[in-house]
Amino acid sequence: MDAEDVRDIFRGLGPVSVRRMFGGQGVYQGELMFALVASDEIYLKVDEESVGFFRDQGSRPFTFQTRDGRTTLTSYWRMPESALDDPDEAAELGAMALAAARRAKAPKLRKAGRPAPGQNSRRKASKPVV
């Protein structure tokens, strides 16, 4: 699958770019990677909020073998084949993947009542201006 095919599949999302990586291709909107192409299959970014949908569709995660023979599971799941020929479905699934990628990139919230490292939990009273 070439870069033009990938851009065409996701045309409903607006402009996307395709960059070579690790023998496959990363699919980006801006600087945010939301999909990857490996062995002519498209895998979309998932997280806790979206993985159930892909599991229910009978999808499977992208995995690869490390040099020491271990199998590594990723947070990218195979896009249903039906979306390859349906621009509306591809755009909807792409939007889900973009949302998962944004959530993954967002700063993690700390537990309530605990300041982030380097932040004082008490505010210093400001001196009145005279």
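**Salt bridges and surface charge**

Trainee: At 18% relative accessibility, does Asp-47 count as buried or exposed?

Mentor: Asp-47 counts as buried, because its relative accessibility is 18% and the cut-off for buried is under 20%. Keep in mind that this is a predicted model.

Trainee: Where is the place of Asp-47?

Mentor: Asp-47 sits in the loop between β4 and α2.

Trainee: Which backbone nitrogen does its side chain reach?

Mentor: The side chain of Asp-47 reaches the backbone nitrogen of Glu-49, at 3.0 Å.

Trainee: And which side chain meets Asp-47 in a salt bridge?

Mentor: That of Arg-103, with 2.6 Å from N to O. This pair links distant parts of the chain, since Asp-47 is in the loop between β4 (41-45) and α2 (51-56) while Arg-103 is in helix α3, 56 residues apart.

Trainee: How exposed is Arg-103?

Mentor: Arg-103 is partly exposed, because its relative accessible area is 30%.

Trainee: Which residues do salt bridges with shared partners join into one network?

Mentor: Glu-41, Arg-60, Arg-78 and Glu-81.

Trainee: What lets side chains pair up like that in general?

Mentor: Side chains of opposite charge can pair when their charged atoms come close.

Trainee: How many salt bridges does the structure hold?

Mentor: Nine. One of them is between Arg-7 and Glu-4, where the closest N and O atoms are 3.2 Å apart.

Trainee: Where do Arg-7 and Glu-4 lie?

Mentor: Both are in helix α1 (residues 3-9), three residues apart, which is about one turn of the helix. Arg-7 is partly exposed, with a relative accessible area of 31%.

Trainee: Next one. Which side chain meets Glu-31 in a salt bridge?

Mentor: The side chain of Arg-19, at 3.4 Å from N to O. Glu-31 is in the loop between β2 (24-29) and β3 (32-38) and Arg-19 is in strand β1 (residues 17-21), so the pair ties together parts that are 12 residues apart in sequence.

Trainee: Is Glu-31 buried or exposed?

Mentor: Glu-31 is exposed, because its relative accessible area is 62% and the cut-off for exposed is over 50%.

Trainee: Changing topic. Which residues gather in a patch of negative charge on the surface?

Mentor: Asp-85, Asp-86, Asp-88 and Glu-92.

Trainee: Where does Glu-92 lie?

Mentor: In helix α3 (residues 87-105).

Trainee: Why does Glu-92 count as exposed?

Mentor: Because its relative accessibility is 55%, and exposed means over 50%.

Trainee: Last topic, strand β6. Which backbone oxygen does the side chain of Thr-74 reach?

Mentor: Thr-74, which is in strand β6 (residues 71-78), reaches the backbone oxygen of Phe-62 with its side chain, at 2.9 Å.

Trainee: What about Ser-75, where is its place?

Mentor: Ser-75 is in strand β6. Ser-75 is partly exposed, because its relative accessible area is 27%.

Trainee: How many residues apart in sequence are Ser-75 and Phe-62?

Mentor: Ser-75 and Phe-62 are 13 residues apart in sequence, and in space they are 7.5 Å apart from C-alpha to C-alpha.

Key. Residues numbered from 1 in each chain as written. Predicted model: local features only at pLDDT ≥ 70, side-chain atom pairs only at ≥ 80, totals over all residues. Heavy atoms only, no water. Patch = residues over 30% accessible without salt bridge, like charges linked within 9 Å, V, L, I, M, F, W, Y side chains within 5 Å. Areas by Shrake-Rupley, 256 points an atom, 1.4 Å probe, with all protein chains shown as cover. Salt bridge = Lys/Arg side-chain N within 4 Å of Asp/Glu carboxyl O. Lys, Arg positive; Asp, Glu negative; His and termini not counted. Charge placed at Lys NZ, Arg CZ, Asp CG, Glu CD. Helix = DSSP H or I, 4+ residues; strand = E, 2+ residues; numbered from the N terminus. Buried < 20%, exposed > 50% of the residue type's maximum accessible area, 1.4 Å probe, protein only. Polar contact = N/O pair within 3.5 Å; in protein donor to acceptor, adjacent residues only side chain to side chain.
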